[in-house]
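Hi there,

Here is the structure I promised to send over.

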Amino acid sequence: MTTVDVIGAGNFARSMLLPHLKGRIGLGTVVNQTALSARHVQSKFGFAQASTEVSDAKAPAVMISTRHVLHAPLVLAALAANRHVYVEKPLCLTLAELSAIDAAMSGTRGTLQVGFNRRFAPATQQLKAQLEQIPGPRVITYRVVPGRLDPASWYANHAESGGRVLGEACHFFDFCCYLAGSEPVRVFAQSVGEVGGRLPFPDSVTAHIEFADGSSGQVIYATEANTRYPKETVSVFAGNLSADIENFQSLQVYSRGGKQRTGFNSKGHPEQMAAWLAFLGGKAPHPMPYEQSRRSMLVTFAVLRSIREGSAVRIDSL
């Protein structure tokens, strides 16, 4: 059985990732900031050992769920050791880091998967299957109400997180790319809160993504909204089909056959973990080619550049 190490086992990893690994794959070393927290996670999930040193994690596969600033350095080290890597989003914080990962991917026997879980959600998969039967461009609107950021949160430290657009909204750009099924070619984005929209680390953003086949994606990430509003709402229009996903708990599809509503209970974390474990076990191909993760990060960097420059940015100009 393949063994996986985990570097960074905070609240998110303990609640959303590790429960879907326990009992399904060998758990080697868990690395956390303090020995006490590492031992707690070791005991709870059944790791072979606990450590505060990254150098102690040497299994063939590794899951990285640290603060964002550490993602790229840890990914690069793991790829250099030919390991299979799962890293939470974002993949990296700069274009220079992305270029370094490109180079590492070209010379490694390892693999890389980014935690863009929304594409794995059952509601997404059901809608994607229906869209594949409809030719022509699509219109996708993704509205996110994340709430205000606690100033004491490490997310408010931009040196560690990269800011909310880079650290969180990359999720939703990836989702648009996945549903569009076409190459993104140009982005125009505006932040909220300053005339001209040139905040260095915006909390709110409206981003428009133009795709090669004429599809259009729009992400509205609004911290100003009332949090009683659904946190995540997706609307898709294609051919004679219209669809809404609300919080990935429901999918409503309007088509020639009438209106159909389906309920769900997952944003894709267990499904993404299952797909990665199937790959590690040699039972399935890799669930998310690197080029797709790379493309979504390029869209994210284009959004930030568009905000800074106040103009549209072509993806191929990055």
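F248 is found in the loop between β12 (241-246) and β13 (250-255); helices (H or I, at least four residues) and strands (E, at least two) are DSSP runs, numbered from the N terminus. Its phi is near 55°, a positive value in a residue other than glycine. Most residues other than glycine have a negative phi, and most peptide bonds are trans. F248 has 0% relative accessibility and therefore counts as buried, where buried means under 20% relative accessible area, exposed over 50%, and partly exposed in between (1.4 Å probe, protein chains only).

Before I go on, a word on the ground rules. This is a predicted model, in which local features need pLDDT of at least 70 and side-chain atom pairs count only at pLDDT 80 or more, while totals for chains, interfaces and linings use all residues. Residues are numbered from 1 along each chain as its sequence is written, and side-chain values use heavy atoms, with hydrogens and water left out.

Back to the backbone. N82 also has a positive phi, about 60°, although it is not a glycine. This residue sits in the loop between α3 and β5 and is partly exposed, with a relative accessible area of 26%. Then there is a cis peptide bond between K89 and P90, with omega about -5°. P90 belongs to the loop between β5 (84-87) and α4 (95-106).

Apart from residues up to four places away in sequence, E168 touches K89, P146, Y155, G163 and Y221, a contact being heavy atoms within 4.5 Å. E168 counts as buried because its relative accessibility is 17%.

The largest pocket holds about 1100 Å³ of space. It is lined by 40 residues, of which F12, S65, T66, R67 and W154 lie nearest its centre. The elements that give two or more residues to this lining are α1 (11-17), α3 (71-80) and α7 (164-180), and α7 provides the largest share, 4 residues. By class, the lining has 14 nonpolar, 15 polar and 11 charged residues. Here Ala, Val, Leu, Ile, Met, Phe, Trp, Tyr, Cys and Pro count as nonpolar, Asp, Glu, Lys and Arg as charged, and the others, Gly among them, as polar.

For the pocket search, a 1 Å grid over the protein atoms alone was used: a pocket is an open set of points where a 1.4 Å probe fits, with protein on both sides within 12 Å along at least five of seven lines, and lining residues have an atom within 4 Å of a point. Grid points are joined across faces, edges and corners, and the volume is the space filled by probe spheres set on the points.

Finally, the overall picture. The protein chain has 9 helices and 15 strands. Its radius of gyration is 20 Å, close to the 20 Å that the globule rule gives for 318 residues, so the chain is as compact as a globular protein of that length; the radius is taken over C-alpha atoms, and the rule is 2.2 Å times the number of residues to the power 0.38. Of the 318 residues, 52% count as buried.

Best wishes
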